[in-house]
Amino acid sequence: MQLKHQDGTGGVATPAAPKITPADHIKSSASLPKEQPVSLGSISGLSYVNSQLLVQQTAYKLSDKIFSLSPETFDLDVAVKGWSLAGEKNIHGEATTVVSLQTRAGAGAFALGYIFSKDFDLSKRHIPQSLLAPSLSLRHLRSSLDQLSLLYGVASPFVAHIAAADYSANDGLITDYESALQTAEDLGLGLVSSSSAYEIQHMSIFATLLATLLPTIHIYDGLRTARETLRVVDALGEESIAGLYEKIAKVAGSLNKRLDTAGKVVELLRAFNDELGTEYAPFEYSGHEAPDTVLVVFGSAESQLAKQVVDTLAAEGKKVGSLNVRVYRPFIEEAFLEALPESVQQIAVLGQVRDAVSIDDASVQSALYSDVLAAVSFSDRWSQEPVVVDVKYPASALHTPSSIASILHGLGAKHAQNEVSFGLNSLDQVQQYSFWDLDNSTAVESPSILGKLLGHVSTNNVYVHKVYDNLLQGGIVRTDIRSSKKPIQAPFAVEDADVVFVGEERLLKEIAIVKGAKPGGKLVLNLPNFKEEDLEKRIPAAARKEVLEKALRLFVLDSAYSPAVEKEAQLLVELAFLQAAVPEITVDQLAKLPWVSRDQVTLVECADALAQSFRSVEVPAAWADVSADDAATATVQGAVFNSFVSFQKEEPEQILKLNDWQSAAKGLVFKEAYGTEDNLRPDLTVKTFTIRVKENRRLTPDAYDRNIFHIEFDLGDSGLTYNIGEALGIHADNDPKQVLEFIQLYGLNADDLVQVPSREDPAVWETRTVYQSLIQNIDILGKPPKRFFESLAEFATDEKEKAKLEFLGGKDGAEEFKRLSEVETITYVDVLELFQSARPDFHDLVRIVSPLKRREYSIASAQAVTPTSVALMIVVVNWVDTKGRTRYGQATRYLSDLAPGTAVTASVKPSVMKLPTKDTAPLIMAGLGTGLAPFRAFVQYRAMQKAQGKEIGSILLYMGSRHKREEYLYGEEWEAYVDAGVITLLGAAFSRDQPQKIYIQDRMRQTIQDVVKAYIQDEGSFYLCGPTWPVPDVTAVLEEAIAAEAKLSSRKVDPSKEIERLKEDGRYVLEVY
């Protein structure tokens, strides 16, 4: 069937999608769902996630600090690092700090040092500390975990979220549970296991609660379950996580002191279940009600598969069952024995050991077997004790339904049994697809895009999983997709694919790819420059025979058929797959889905070209015959997946560094060799523009102690554009006078050329004069962090100064460092003056002093109204230090001194402050001081719309400052807008103009009926910009408004939950600092 041009949607629900270019699908991390960044607030309710993301979300929300031991390619911490940098708050109201540790012996000492440091904030002692790491790191953490366990009575709760993942030279990536089981047993730690992504949030939270009793490991499959993208319909959001944790934490704190640890775990789990309505247990039985044989399992894939296999066998009358170990430590013998049916005669423990050698060694027992054997041996429950068998398997084993069924089938057999074939009934109605390609293929991202598309055009549950073999064919990638109307649990590779796509024909010679196709399914081969007479030569004999025996329909895509669309090979692959797998999807539907094409014209061209380049090929009966020579060169059985990402094949060329004026001259003459560019700051990670000062005027009186000024820039021909609500990044210079004084103090030559890191990207180096680097690159006048003292100590020649610097850089000097930093407000220059024996040369100084950063300010203008200018409102930051010196904030001082005509380097940063899509939606805005800046832009734009005859929504503007006479910022403008009917209500709160303090929340409460109408009844949007302190009080007023409106309309509403909903809808927006 061909892709059709239709007006209708063909019965497939196609929600409207925003136009996004393919660049928006740039891979960010293979460990993230669909390899795309995910905002913390978006994880709630129905969400496409994976287990690793949900673990990170829980850890971030509940922790004070997260210590991470993630190998670079594992990316176990990529989400929490992004959230931390973005300043996302945890349930304790602070941004969680993420500390990356090296995977080496003694790695946990840093975490111990923090938890037990003398200057630890004791008010945070109840807040959990978390660890994100793979199981391969546990061997490096044993000594630290041992010390933590011994001193746990005076420690913060500590939970280690461990992805069961390790690397074997022979087997590639392996799922390692054995390390966690052994560590927990040896050190007396708690150990909780998650079976699937559907429960991993719950278990992450429960493990964190268990950590209030004893240090706890939460372990989960780090290979498949952790990284498979899937849809979860009831993901817990921030409020739910906070409420659940806080409520059960109170229960944990009030547990009967006479209970032993096992008893407390049982009570804690009971309270957890009561709150969630779940039925989690330390041991969970499935299968026949009166089994003869029970398989005891531990691990994500193991428990999922065992449950499904025994349920199927039990339905057929087989007397088998499985017992999933959810809480391994403490091992609660009473709960274990109670979970076992009385009829059991044989208990088979599916226990993991390190490798195949351990399986053959009769002296090696699995850790789980030892506990089960002890529990059964010392029990008097049975008159005839069940036989306990240790069914050992290596960490490299990849379990499937067939392997689990074979274990059950072989129990009690006298001789070794062949593996039985077993399929899950739950997969009968599931569409399954496999993609094989080289990792440098132009279409390597197509499976991820198609998985996203399939989830978008239907209500199906779509599962996507990708793995790499970096040693075969220079690097290959396999992607599995499953699409099901019901949620499924299938933690294993696709075995019976409805469609198998092979992007590179060479793979057929080395991998038995066709074996994974479903009988009667479809095989799609990408064969550029295809000629039918060459087909047999291009497909290996073993693969040809398999195609015939399985009665597969064979399709060939000639991606090089049409030169006009050859560059669109990725799109051709996607269209070819869709035509083979889901031909009911039309071109018109695809045009609305940005993951398929850049634009509709290209899509139609490729769809037309597909009619010629993609076709079904008849399978000759002669393919059944395989010669002896062909049989001797049969393909291998599979790839060894050894990485989560493709390896970097190209090494970047070494940049030739310039060190003097002669080298600089060479760089200008031989630009290609030295990589010289004539662009505006080409090193910057953000696009920059040169703009000029148009106006710089003070808004407050000269005699007033706060200098708040309005500065406007002429955009000229810079090309700078901005949207309402965005921020302008100012790349400010250091004070030239102070820089020259430092150059003289340090004995430098201002004109010497030096290599310095870029202020925006420290990994990028640039050649500048000493003077230029101190003016624009190095934060020499800024506040030094603690690590500067530690680094500077290495250069001190005076032993007393060296000791003092080490003291200030260490934990013992925390109080003194705090005084110097916060009271004395010392700068790098001050420190260098104070410790005169510490004189690193300039190259070393550059290395230990932080680079200058750009400062961002909310834009106070709308470009639609003032197309050639951009305006800011800024307050100069200044103070007097303990030595009587007036100090200034670097960027505000720089800006306040700029004269008209001065050139400034600037950039634009997106913001959460955006106008509603409906012009008639009311705006409720609260701005404190310079926080009014973005609202000036909002009002300008709405005023322009009104002047054009458009209907606009009401505007409620609440502003707060100290005094009306001195700080009525843009007051005349606001009053003019009121008179013009643009601003509906102006609520000005001048806190110090009367005996009692009046703040914006007071003005809002006085006009709460206006807030009710604009915000609730007319579905307006609320914005707050300014410092953080009024947020709780302002939010309380909004909750009062919500409650008042609900009472009037006889509705039952939880105001706090309603605020969360409004936040998710973009109608409660905060930009605070």
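Which hand does the crossing of α4 and α5 have? The crossing is right-handed. A crossing counts as right-handed if the near helix is turned clockwise from the far one by less than a right angle, and as left-handed if anticlockwise.

This is a predicted model, where local features need pLDDT of at least 70, side-chain atom pairs count only at pLDDT 80 or more, and totals for chains, interfaces and linings use all residues. Residues are numbered from 1 along each chain as its sequence is written, and side-chain values use heavy atoms, with hydrogens and water left out.

**Helix pairs**

Helices (H or I, at least four residues) and strands (E, at least two) are DSSP runs, numbered from the N terminus. The axes of α4 and α5 (residues 178-187) come within 10 Å and cross at roughly 25°. That makes α4 roughly parallel to α5. Axes are lines fitted to C-alpha atoms, for helices over the stretch in contact, and angles run from 0 to 180 degrees between N-to-C directions. Under 35 degrees is roughly parallel, over 145 roughly antiparallel, 65 to 115 roughly perpendicular, and the rest oblique.

Now a second pair. Helix α14 (residues 446-456) and helix α18 (residues 569-581) have axes that come within 10 Å and cross at roughly 50°. The two are therefore oblique to each other. α14 passes α18 in a right-handed crossing.

**A surface patch**

Helix α4 spans residues 138-150 and includes Leu150. Leu150 is exposed, at 69% relative accessibility. Buried means under 20% relative accessible area, exposed over 50%, and partly exposed in between (1.4 Å probe, protein chains only). Leu150, Leu151 and Val154 form a nonpolar surface patch with about 320 Å² of accessible area together. Accessible areas come from the Shrake-Rupley method with a 1.4 Å probe; for residues, only the protein chains shown count as cover. Patch residues have over 30% relative accessible area and no salt bridge; like charges are joined within 9 Å, nonpolar side chains (Val, Leu, Ile, Met, Phe, Trp, Tyr) within 5 Å.

**Salt bridges**

A salt bridge is a side-chain nitrogen of Lys or Arg within 4 Å of a carboxyl oxygen of Asp or Glu. The count comes to 48 salt bridges. Three examples follow.

| Pair | N to O distance |
|---|---|
| Asp176 and Arg354 | 3.7 Å |
| Arg819 and Glu824 | 2.9 Å |
| Arg887 and Asp881 | 3.4 Å |

Asp176 lies between β7 (172-174) and α5, and Arg354 between β15 (346-353) and α11, so the pair ties together parts that are 178 residues apart in sequence. Asp176 is buried at 0% relative accessible area. Arg354 is partly exposed at 31%. Arg139, Asp166, Asp176 and Arg354 are linked in a network of salt bridges.

Arg819 is partly exposed at 33%, whereas Glu824 is buried at 17%. Arg887 is buried at 12%, and Asp881 is buried at 5%.

**Backbone exceptions**

Most residues other than glycine have a negative phi, and most peptide bonds are trans. Ala551 has a positive phi of about 55°. The loop between α17 (541-549) and β22 (553-557) holds Ala551. Ala551 is exposed at 53%.

Glu1019 is exposed at 52%. Helix α36 (residues 1008-1017) has buried residues, including Ile1008, Val1011 and Tyr1015.

A cis peptide bond joins Arg329 and Pro330, with omega about 0°. Pro330 sits in the loop between β14 (327-329) and α10 (333-339).
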